[in-house]
Amino acid sequence: MSGRVLVGVKRVIDYAVKIRVKPDNTGVVTDGVKHSMNPFCEIAVEEAVKLKEKKLIKEVVAVSCGPQQSQETIRTALAMGADRGIHVDVSGKDYENLGPLQVSKILAALAKQEDAQLILLGKQAIDDDCNQTGQMTAALLDWPQGTFASEVSLEGDKINLVREIDGGLEHIKINTPAVITADLRLNTPRYATLPNIMKAKKKKIVTVKPADLGVDVTSRLEVLKVEEPPQRQAGRV
Amino acid sequence: MHTDIFYIQVLRAGVRCGIRLQSSSTATASATASSSSPAPPLGFSFELTDQQKEFQQLARRFAREEIIPVAPAYDKSGEYPFPIIKKAWELGLVNGHIPQEYGGMGLSSFDSCLITEELAYGCTGMQTAMEANSLGQMPVIIAGSDAQKKKYLGRLTEEPLMCAYCVTEPGAGSDVAGIKTRAVKMGDEYVVNGQKMWITNGGKANWYFLLARTNSDPKCSASKAFTGFIVDADTPGIQIGRKVAAGATGLAQRALDEATSYALERKTFGKVIAEHQAVSFLLAEMAMKVELARMAYQRAAWEVDQGRRNTYYASIAKAFAGDIANQVASDAVQIFGGNGFNSEYPVEKLMRDAKIYQIYEGTAQIQRLIIAREHLGRAKK
């Protein structure tokens, strides 16, 4: 067991920003808009760093797929305690069309390349709300999956997981290697401390292209139109 | 810029004879810490380095998530916000000036000011309590022996302890040379008698930096008559009874943001008040003042980090930022109208808090004396 955990972190529009649709209805405005790490990805990073602090795993590798700016998101993960980063460079049209299927192929390829024991992801991204990447990655690797995790504990080469599901809480035990997706109550992510931000500068981020991993990022989906939801009408009491 | 205001007082009041003043330590720290951006082709740049942006983000998040929610309650109770200061200490937001070899971050003045502005946005009272640590540390950092630095700075980096800066007295504030606290050497010890006033962190400090008169000859020049002492708080006989321009800018920015949000929500005469020209002009002028205050303190901090004496820029920044903080806070209350008076809205606190920036760390009037002196000094050359 390599003791290595891959954590996926996605750069998304900050949760506090008021989203506006572009005038040509092809998407939302992203230029000049504040971006940050997807909140569920923060929870995933926190869980990985905690496992490392308990000495249950040896190395945390943060991965992000996107343009140059994705490196900022990786840096945040490094400042929280990840050891090194991998930036999968996807930009322009490819980035606009990047979805869970392509990302899960990339993560699966990286997991094999890095000999990962565990993949930790957020349960979903707050921009597309897909909630698919974790599940697809596990399927591609034929690994067990523990999604919507609100508690994780390692027991030898197995993982005890508590999942938040519609009916309540489900307790499962899965083998490693595995994919886990983090739900809201799994933990409270730490602030990166000032000294850690400074230390993060010395940690390495390696850039690779999807083609290097043998992944084709062409999308099989085409976005036809993006619209605002209908204006809410005043209610009547 | 309190760090450099103190620098002047050090020169004027004279802490110990024969000291090496090392303002260059911050310049070298900034050269290594912030070298991630390539040198801008035009020379002059307003761009922050990636690391500076991350520091700013951290302080901003801390202010919004930890300080702002609790500030009104602490304001009412007057309780010392130790839990918040402890959290800030754990994140490395306090004690930024302490050099790295003594366990600190060795941040440049510019980086420290960036952080100060963000914390002040949350609550200037808490930011002042945190900054007072820097004030007390500064004489030790500038002029302490290696042993003194290791002991007293080390204490602050190992545990969330506070220190305090004791210079002002009931009879002497602006007139530092007029302080009456005396220290007399008796054998192996100094016996200190006197009264100090307005000591931020006075009740909670682990140690004090104290300025006292050691030469009672009235003809002795100010630079030789005074000595700085580091006094442990538990020394028997002590009875307990404030990075200014950046702080003032943070307050002003907060006032502007609160007023802007309100102006976009409150409706009168059929439209949001921000669409009434009188209000939008008020907001425009507030914005002008905030931006200029920020540029002023950043220039002053940058000068220090370049290794230059920045008295002129620091005084300008402090005087301007203090004045506009008061104007902007008052304008914010105005925009809130009747609600502005009400303590359930945050702006009346800003107006109360803003006043201190025209008083402590060199009154607005003293700043003008200094600026005039510097300006005329240059003109005479």
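Author: Start with one pair of residues. Leu161(A) stands opposite Ile172(A), which belongs to strand β9(A). This is a predicted model, so every value here is computed from predicted coordinates.

That pair sits where β8(A) meets β9(A). Eight bridges join β8(A) to β9(A), residues 168-175, and the two strands run antiparallel. The link between β8(A) and β9(A) is a hairpin through two residues.

Now look to the other neighbour of β8(A). Strand β7(A), residues 145-155, pairs with β8(A), residues 158-165. The sense is antiparallel, and there are six bridges. One pairing to find is Ser153(A), whose bridge partner in β8(A) is Asn160(A). The hairpin of β7(A) and β8(A) has two residues between the strands. In that hairpin, Gly156(A) takes a positive phi near 65 degrees.

For a parallel pair, go to β6(A) and β10(A). Strand β6(A) covers residues 118-122, and β10(A) covers residues 178-182. Five bridges join β6(A) to β10(A), and these strands run parallel. Gly122(A) has Ala182(A) as its bridge partner in β10(A).

The loop between β9 and β10 of chain A holds Pro177(A). The peptide bond from Thr176(A) to Pro177(A) is cis. Its omega is near 0 degrees.

Asn25(A) lies in the loop between β2 (11-13) and β3 (35-37) of chain A. Asn25(A) is not a glycine, although its phi is positive, at about 60 degrees. His35(A) lies in strand β3 of chain A. Leave aside its neighbours within four places in sequence. His35(A) is then in contact with Arg11(A), Val12(A), Ile13(A), Asp14(A) and Thr30(A). His35(A) and Asn131(A) are 96 residues apart in sequence. In space they are 20 Å apart, C-alpha to C-alpha.

Next, the partner chain. Twelve residues of chain A are in contact with 20 residues of chain B. The area buried between chain A and chain B is about 1400 Å². Carbon and sulfur atoms give 63% of that area. On the chain A side, Tyr191(A), Leu194(A) and Met198(A) supply 52% of the area that chain A buries against chain B. That is more than any other three residues.

Two packed helices are described by the angle between their axes and the distance between the axes.

Take α3(B), residues 50-77, and α5(B), residues 109-122. Their axes come within 7 Å and cross at roughly 25 degrees. That makes α3(B) roughly parallel to α5(B). The crossing of α3(B) and α5(B) is right-handed. Residues of α3(B) in the contact include Phe55(B), Phe62(B), Ile67(B) and Ile68(B). From α5(B), they include Phe110(B), Leu114(B), Ile115(B) and Leu119(B). By class, the contact of α3(B) with α5(B) has twelve nonpolar, three polar and four charged residues.

Then take α6(B), residues 124-143, and α7(B), residues 146-158. The axes of α6(B) and α7(B) come within 10 Å and cross at roughly 165 degrees. These two helices are therefore roughly antiparallel to each other. The crossing of α6(B) past α7(B) is left-handed. On α6(B), the contact is made by Asn133(B), Gln137(B), Val140(B) and Ile141(B). They meet Gln148(B), Lys149(B), Leu153(B) and Leu156(B) in α7(B). By class, the contact of α6(B) with α7(B) has four nonpolar, three polar and one charged residues.

Terms used. Residues are numbered from 1 along each chain as its sequence is written. Chains are lettered from A and ligands numbered from 1 in the order in which they are written. This is a predicted model: local features need pLDDT of at least 70, side-chain atom pairs count only at pLDDT 80 or more; totals for chains, interfaces and linings use all residues. Side-chain values use heavy atoms; hydrogens and water are left out. Axes are lines fitted to C-alpha atoms, for helices over the stretch in contact, and angles run from 0 to 180 degrees between N-to-C directions. Helices (H or I, at least four residues) and strands (E, at least two) are DSSP runs, numbered from the N terminus. Angles under 35 degrees count as roughly parallel, over 145 as roughly antiparallel, 65 to 115 as roughly perpendicular and the rest as oblique. A crossing is left-handed if the near helix is turned anticlockwise from the far one by less than a right angle, and right-handed if clockwise. Contact means heavy atoms within 4.5 Å. Ala, Val, Leu, Ile, Met, Phe, Trp, Tyr, Cys and Pro count as nonpolar, Asp, Glu, Lys and Arg as charged, and the others, Gly among them, as polar. Two strands pair if DSSP finds at least two bridges between them. Buried area is the accessible area (1.4 Å probe) that two parts lose on being put together, summed over both.
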